[in-house]
Amino acid sequence: MSDSSKIPVTEADLHAYADGQLSEMRRLQVEAYLASRPEEQARVKAWMTDNQNLRAILDPVLHEPIPVRMPLSPGRAILPWRQIAMAASIAFISAGAGWMTRGALDQPESQRVAGTAAAPQAAIATGFARRAAVAHVVYSPDMRRPVEVGAEQEDQLVAWLSKRLGAPVKPPYLGRVGYDLIGGRLLPGGQGPVAQFMYHDPNGQRLTLYVTREAAPTGDTAFRFAQEGPVSVFYWVDDKFGYAISAGVDRNELHRVAQEVYRQLAPG
């Protein structure tokens with residue numbers, strides 16, 4: 001028996017198994033573990049059923065087109081997005097189910113921070129990157145209350161989110177790449193709170209920065225790119241935090257912003 005087969009099966013392994021995120025060897029080890037534990041097996045099967053149900057709800061929503069530009073002044077409600085809010089609420093409430101597995105950053109496509117786009121084909125978002133895409137879809141179209149605390153109260157916003165996340169967090173300044181802070185909000189994560197900061201450009205295009213402490217450090221700060229319907233996401237893990245930038249813009253534009261965010265938030 002190899003040493004790797006003796007590694008204890010953790011709760012994270014079970015979630016990753018339910019999400020189909022394990023290597024072949026680890027999958028077999030988890031299946032062997034579950035074979036003699038019917039209660040655990042039933043629990044994992046329930047997660048997998050939840051995954052299927054959530055994807056049935058969310059996948060059509062995530063593939064609806066996002067308006068290319070958001071109006072800058074309050075106007076008529078954008079009715080289709082109410083459906084998105086309802087669907088995403090289910091996703092956030094069910095975040096403990098395995099479909100938002102932690103540590104799912106081993107996508108085949110990656111790029112170094114200083115590099116250019118690594119490959120033309122985008123990976124499908126998983127883990128906190130998918131959660132960030134859903135949160136962007138839910139809140140970015142909201143004309144009346146896109147954030148909980150506005151940019152005019154940035155000091156209070158930073159203090160509040162830092163306290164809730166248990167570590168200093170602050171929104172980067174993106175004026176040099178054409179985006180201004182709208183504000184931010186607190187969101188539920190799989191095991192604790194996460195932060196979302198929202199920005200817009202002069203034309204009303206919105207992007208969001210999602211900050212979580214639930215991503216396992218990998219020692220690799222490479223950018224990864226994913227696509228969820230019309231939502232582009234660049235995401236990475238650095239030090240204690242996982243970051244994901246989401247917007248309905250093309251890859252090159254989002255990469256330009258992601259580089260600026262990384263430059264400002266990188267440790268040291």
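Biologist: What makes the charged end of R185 count as sitting over the ring of Y139?

Modeller: A charge sits over a ring if CZ of Arg is within 6 Å of the ring centre and within 35 degrees of the ring normal. The charged end of R185 is 3.9 Å from the centre of the Y139 ring and sits over that ring. Keep in mind that this is a predicted model.

Biologist: Now the rings. Why is the pair F223 and Y262 called edge-to-face?

Modeller: A search of the whole structure turns up 8 aromatic pairs. In the one formed by F223 and Y262, the centres are 6.0 Å apart and the planes make an angle of 80°. Rings pair if their centres lie within 6.5 Å, and planes over 60 degrees apart count as edge-to-face. So this pair gets the edge-to-face label, with its 80° between the planes.

Biologist: How do you know that this pair links distant parts of the chain?

Modeller: Look at where the two residues are: F223 is in the loop between β4 (206-212) and β5 (224-228), while Y262 is in helix α7 (residues 251-265). They are 39 residues apart. Both also belong to a cluster linked by ring pairs, along with F225, F234, W236, F241 and Y243.

Biologist: Why do F223 and Y262 count as buried?

Modeller: Buried means under 20% relative accessible area. F223 has 0% relative accessibility, so F223 is buried. Y262 has 18%, so Y262 counts as buried too.

Biologist: And E260, is that one buried or exposed?

Modeller: E260 has a relative accessible area of 6%, so E260 is buried. This residue is in helix α7. Not counting residues up to four places away in sequence, E260 touches Y173, L174, R176 and V177.

Biologist: Then why is Q41 called partly exposed?

Modeller: Partly exposed lies between the buried limit of 20% and the exposed limit of 50%. Q41 has a relative accessible area of 28%, so Q41 is partly exposed. Q41 lies in helix α3 (residues 38-62). Leaving aside neighbours within four places in sequence, Q41 is in contact with L34 and A35.

Biologist: How far apart are Q41 and V30 in space?

Modeller: They are 10.0 Å apart, C-alpha to C-alpha, and 11 residues apart in sequence.

Biologist: What makes F197 and I245 stand out in the largest nonpolar core?

Modeller: That core has 32 residues, and F197 and I245 touch the most other members. Several elements each supply at least two of its residues, among them α6 (154-165), β2 (180-188) and β3 (193-200). The largest share, 6 residues, comes from α7. There's also a second, separate core of 22 residues, including V134, Y139, L187 and M198.

Biologist: Which residues is F197 in contact with, leaving aside neighbours within four places in sequence?

Modeller: Among them are L157, L161, K170, P171, L181 and L207.

Biologist: What share of the contacts with a separation of 6 or more comes from residues 24 or more positions apart?

Modeller: Those residues account for 66% of such contacts in the chain.

Note on methods
Residues numbered from 1 in each chain as written. Predicted model: local features only at pLDDT ≥ 70, side-chain atom pairs only at ≥ 80, totals over all residues. Heavy atoms only, no water. Helix = DSSP H or I, 4+ residues; strand = E, 2+ residues; numbered from the N terminus. Buried < 20%, exposed > 50% of the residue type's maximum accessible area, 1.4 Å probe, protein only. Contact = heavy atoms within 4.5 Å. Phe/Tyr/Trp six-rings, centres within 6.5 Å; stacked < 30°, edge-to-face > 60°. Core = buried A, V, L, I, M, F, W, Y, C linked by side-chain atoms within 4.5 Å.
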